[in-house]
Amino acid sequence: ESNVASNAPATPATTVDKDTSKDQVSRSGKFVSVAFPVSGQAKLSIEGDKNILELDENFKTPSGPDLRIVFHKAPDLSSVAAPPNFGIDEADYVVIEKLKSNSGKQRYEIPKDTKLKNFKSVAVWCAKMNKTYGFVTLP
């Protein structure tokens with residue numbers, strides 16, 4: 001019985017680990033083009049106490065006057081950011097930071113106060129033109 005008792009704490013710990021890993025499961029997907037062709041993948045993951053957004057080595061977008069990485073509430077921006085302007089409403093997104101590069105692998109640390117569960121997609125968006133270049137639905 002003492003073996004059962006000593007094993008008992010391991011079971012809840014495992015359950016806790018599973019719950020934690022569920023929160024830390026990476027959310028990822030391929031970019032879908034909206035106003036311009038955007039390719040590659042984006043992945044959201046947790047490293048320690050930081051949320052990280054990573055664009056893969058295949059990431060590519062045309063340049064723009066003020067490109068930013070944003071999180072958006074809608075999972076499908078191709079229907080939200082409709083032609084001809086492909087704009088999005090300020091209430092529906094949060095800017096993470098300026099896009100570091102138009103191509104290649106890059107990482108962004110997401111501000112702690114960003115409630116990721118409220119956002120269903122990540123997008124490359126031009127602040128100057130309010131134009132959505134492309135997005136990834138985050139499952």
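**Close-up views of a predicted model**

**View 1. Surroundings of T132.** Apart from neighbours within four places in sequence, T132 is in contact (heavy atoms within 4.5 Å) with V34, A35, L77, A81, F86, I88, A123, V124 and W125. The model is predicted: local features need pLDDT of at least 70, side-chain atom pairs count only at pLDDT 80 or more, and totals for chains, interfaces and linings use all residues. Residues are numbered from 1 along each chain as its sequence is written, and side-chain values use heavy atoms, with hydrogens and water left out. T132 belongs to strand β9 (residues 131-137); strands (E, at least two residues) and helices (H or I, at least four) are DSSP runs, numbered from the N terminus. With a relative accessible area of 0%, T132 is buried (buried is under 20%, exposed over 50%, partly exposed in between; 1.4 Å probe, protein chains only).

**View 2. R27 in strand β1.** Strand β1 covers residues 27-30 and includes R27. R27 is buried, at 16% relative accessible area. Its side chain reaches the backbone oxygen of L116 at 3.5 Å. Beyond neighbours within four places in sequence, the contacts of R27 include A42, K43, F119 and P139.

**View 3. The loop between α3 and β6.** P84 lies in this loop, between α3 (77-80) and β6 (93-98). The peptide bond from P83 to P84 is cis, with omega near 5 degrees. F86 lies in the loop between α3 and β6 and has a positive phi of about 60 degrees, although it is not a glycine. Most residues other than glycine have a negative phi, and most peptide bonds are trans. F86 counts as buried, at 15% relative accessibility.

Terms used: Polar contact = N/O pair within 3.5 Å; in protein donor to acceptor, adjacent residues only side chain to side chain.
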